[in-house]
Amino acid sequence: MNQIYESDAKIPVYDTCDILVVGGGAAGHSAAIAAARAGAKNIILMERYGYMGGDATGGYVIMVPNLSWYDKSFVRGLQEEWFTRLKRVPEAILGPDLNKIGWVDKAYVNRWKGIHDCVSRGGYQGAKESCLVRSIYFEPNQLKIEMDKMLLEQTDRIQVLCHSWGVKPIMEGNEIKGVFFESKEGRQAVLAKVVIDATGDGDLFSQAGAPYEKLTDAGCRSSATALVWRIGGIDWNAYTAWLNATQGGFPMIVNGLNKIAGYKTMPLPTNQNDICWLNNWFYERDCSNIKDLTRTELQVRDTIRDIIEFFRETVPAAFRNAYLYDIAPQLGARCSRRLVGEYVMSIRDFAFETHFDDVIAWHSTICQINDCGPVELPYRCILPQKVEHLLCPGRHLSADTAAIDWLNLIPQCVGTGQAAGVAAAVAVLDGTSVRGVDIKKVQDILVDQDVPLPRNEKFRAKDPSYEEMVKEHEYGLYTELAKREQASEGSIKQYRQW
């Protein structure tokens, strides 16, 4: 590759702060809010776009799945607050109410079974009947507004810098001291005591000297890019009725779409019956690679009109008046660089009852190994090796090539982001490093922020039923997949065969 040398330059310092969060997606926004609520007073949140939310609001990943298991909500905190706040906005969200999760009443199950993941997949294996699951569909533009409101409530503690792209860490040895960023004002710097890399692609830790890996197994969901778009003028209820009445209807739609588009794509419901969204998967593409990003954008837009016409012709009862509603303003990014942190999550964390002293979240996920049951996420999976004063929450958290598929969804971004923000605030206020932070204090504050940590003494004193319930249901480890993993040494190859 040809090279050109850039001359040395004096870079102006835009500002200094206690905590700098780079990336305003689900992880970064949560980190900033949680840090402010934990007592931090000088926070900067830097975002390359003009809005918060990342994939949730800009990439139109407008469904948040599996927030509950049986009759308990495990993913709360700031994630549940999104929906509590949006519930006040007419038609902004769609999904089973929090007080109805676990219900097996046939009337409710039948009402929700046509809305993907709102009913347990075939019924949890440890139960006889399907039940309602806390999975929420939301309007992304309403969430943009609500996320702004959450920040505006903290204007005395959080300074927001939109249209500012954090591009390079400022290092002194193995310590991060701040970040260079680019904007319409040119190249500038922000100095900070703690930096939170919430870029999703490890833009900072990959340059700071922290170990990391690239991409995932080619067969994983995380190896695929996407560009989401929405169709208006439809009738989703009529579409689900057509699927139920038409033998082989679903595979016919999927095969037809794949043929028309030339890539895997599928319609999904939204918060409104007259709008659906089209998710898609371009495998073996890296969302930190310019060519892969560009190809995904162009290929999706090139096929949109043909896909709409396909729906009009094949399912006129539901799509006769279909039209292009909108296209996501940013590409859907699943995975590129992954942190190799102080702990690397793996399949075995889903196949065994793994307990961590530094647990920061118990999340129910979409993993079938433990029947979508909750797993503990340790603080160490967002703590990089070899670099000080840096935390790395979000979809680039430390997980192996298989486990990342279950841990880089929006709930895990929010959960690890919230924990990172609290940890950063505690470290700054106590005058410690993020590596030496008082994790017990972090956990207690997370509980105060409505994060379920069933083994935490403070949480257990308020609600011992969570720990009792997971023990009663064996942590979901009654599945054949879990038993096979427990009986083996564990391997990605075996997982693929499952």
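Two strands count as paired if DSSP finds at least two bridges between them. Keep that in mind for these close-ups of a predicted model, where local features need pLDDT of at least 70 and side-chain atom pairs count only at pLDDT 80 or more, while totals for chains, interfaces and linings use all residues. Residues are numbered from 1 along each chain as its sequence is written, and side-chain values use heavy atoms, with hydrogens and water left out.

**View A. Strand β15 and its two partners.** Strand β15 covers residues 275–281 (helices, H or I, of at least four residues and strands, E, of at least two are DSSP runs, numbered from the N terminus). On one side of the pairing story is β14, which meets β15 in the antiparallel sense over six bridges. Look for P267, which sits opposite L278 in β15. β14 and β15 make a hairpin, with five residues between them. The other partner to find is β13 (residues 229–232), joined to β15 by four bridges and also antiparallel. Here I231 is the residue facing C276 in β15.

**View B. Both faces of β15.** Is β15 enclosed or open? Seven of its seven residues are buried, so the strand is largely enclosed by the rest of the structure (buried means under 20% relative accessible area, exposed over 50%, partly exposed in between, with a 1.4 Å probe and protein chains only). I275, W277, N279 and W281 point one way. C276, L278 and N280 point the other way, and these are buried as well.

**View C. A three-stranded open sheet.** Follow the strands in the order β3-β7-β6, with antiparallel pairing throughout. β3 and β6 stand at the edges with a single partner strand each, so one side of each has no neighbour in the sheet. Zoom in on β3 and β7 and you'll find two bridges joining them. V64 has I136 in β7 as its bridge partner.

**View D. Helix α2, tucked in.** Helix α2 runs over residues 77–86, and nine of its 10 residues are buried. Among them are G77, L78, W82, F83 and L86, but also Q79, E80, E81 and R85. What do these buried residues pack against? Their neighbours include helices α1 (26–37), α4 (140–152) and α12 (410–430), along with strands β3 (63–64), β6 (93–94) and β7 (136–138) (contact means heavy atoms within 4.5 Å).

**View E. Aromatic rings, close up.** The whole model has 22 aromatic pairs (rings of Phe, Tyr and Trp, the last by its six-membered ring, pair if their centres lie within 6.5 Å; planes under 30 degrees apart are stacked, over 60 edge-to-face and the rest tilted). W82 and F83 have ring centres 6.2 Å apart and planes at 85°, so this pair is edge-to-face. Both W82 and F83 are buried. Now compare W236 and Y239: their pair is tilted, at 4.9 Å centre to centre and 55° between the planes. W236 and Y239 are three residues apart in helix α6, which puts about one helical turn between them. W236 is buried, with a relative accessible area of 6%, and Y239 is buried too, at 2%. Together with W242, F310, F311 and F319, W236 and Y239 form one aromatic cluster.

**View F. The largest cavity.** Three cavities of 30 Å³ or more turn up in a search of the whole structure (on a 1 Å grid over the protein atoms alone, a cavity is a set of points where a 1.4 Å probe fits but cannot get out; lining residues have an atom within 4 Å of a point). The largest has a volume of about 110 Å³ (the space filled by probe spheres set on the points, which are joined across faces, edges and corners). It has 15 lining residues, and those closest to its centre are F352, T354, P374, V375 and E376. Which element gives the most to this lining? That would be β19, with three residues.

**View G. The second largest cavity.** This one has a volume of about 70 Å³. Residues lining it include F74, R76, Q79, W362, H363, Q418 and P452. The elements giving two or more residues to this lining are α2, β18 (359–364) and α12. β18 supplies the largest share, three residues.

Terms used:
1 Å grid on protein atoms, 1.4 Å probe; cavity = no way out; pocket = protein on both sides within 12 Å on 5 of 7 lines; lining within 4 Å.
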